[in-house]
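Subject: Structure handover

Hello,

Here is the structure I promised you. Please open it first, then read the notes below with it on your screen.

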Amino acid sequence: MSISGLSCIFPSPDIKKTAGFYVSKLGFRAVEYLKSTEPHICLYRDNIEIILLQANTNNVLPNRTLYGYGYDAYLYTGNQELLEKELIEKEVIFIKHLHTTDYQNSEFVIEDIDGRWLAFGLKIKD
């Protein structure tokens, strides 16, 4: 038996506004389940799924705030230069542009509309 996927779950104070950011700025497709018992919106791009839940607070506390460091999601991509260029053109906020980390990943980091930091990385072959 193998595990074949993972979905990030992001509580958001306004899931429609957050979904709009992911669609217009990051190129995701949104599917709304707003009339379900637990309203949510699923976001899809390539093999990635992010699930937005309606938070009962207006404050999103990213990992770096709660724990002192850490990204809120780490997404893997093969063509980082092209994706970085796409996001720059859409005026996404960059925390770190494409660089090599001390743990030998090539990555860049952006901030979403709720203040979460999303890293886009790739392990550099030794």
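Strand 3 covers residues 40-45, and it pairs with strand 2 in the antiparallel sense over 5 bridges. A hairpin of 6 residues joins the two strands. Look for two cross-strand partners. Tyr33 has His40 in strand 3 as its bridge partner. Arg29 stands opposite Tyr44, also in strand 3. Keep in mind that this is a predicted model.

Next, pick out Ile50. This residue lies in strand 4, residues 48-54. Is Ile50 buried or exposed? Its relative accessibility is 1%, so Ile50 counts as buried. Ile50 and Ser7 are 43 residues apart in sequence, yet their C-alpha atoms are 5.4 Å apart in space. Set aside the neighbours within four places in sequence, and Ile50 still touches a list of residues. Its contacts are Cys8, Phe10, Tyr22, Phe28, Ile41, Cys42 and Leu43. Two of these names return among the rings: Phe21, Tyr22 and Phe28 are linked into a cluster by ring pairs.

Then turn to helix 3. The helix spans residues 80-89, and its buried residues are Gln80, Leu83, Glu84 and Leu87. Why do they sit on the same side of helix 3? They cover an arc of only 100° around the axis, which puts them there.

What do the buried residues of helix 3 pack against? Their partners are strand 3, strand 6 (93-100), strand 7 (105-111) and strand 8 (117-123). The face turned away from the buried side carries exposed residues: Glu81, Leu82, Lys85 and Glu89. After helix 3 comes Glu91, with a positive phi near 60°.

Last, the aromatic rings. How many aromatic pairs does the structure hold? There are 6.

Tyr74 and Tyr76 form a tilted pair, 5.1 Å centre to centre, with 50° between the planes. Tyr74 is partly exposed, at 26% relative accessible area. Tyr76 has 62% relative accessibility and counts as exposed.

Phe108 and Phe120 also have ring centres 5.1 Å apart. Their planes are at 15°, so this pair is stacked. Phe108 is in strand 7 and Phe120 in strand 8, 12 residues apart, and the pair links distant parts of the chain. Phe108 counts as buried, at 0% relative accessibility. Phe120 is buried too, with a relative accessible area of 8%.

Best wishes

Technical notes. Residues are numbered from 1 along each chain as its sequence is written. This is a predicted model: local features need pLDDT of at least 70, side-chain atom pairs count only at pLDDT 80 or more; totals for chains, interfaces and linings use all residues. Side-chain values use heavy atoms; hydrogens and water are left out. Two strands pair if DSSP finds at least two bridges between them. Helices (H or I, at least four residues) and strands (E, at least two) are DSSP runs, numbered from the N terminus. Buried means under 20% relative accessible area, exposed over 50%, partly exposed in between (1.4 Å probe, protein chains only). Contact means heavy atoms within 4.5 Å. The arc is that of the directions from the helix axis to the C-beta atoms. Rings of Phe, Tyr and Trp (its six-membered ring) pair if their centres lie within 6.5 Å; planes under 30 degrees apart count as stacked, over 60 as edge-to-face and the rest as tilted.
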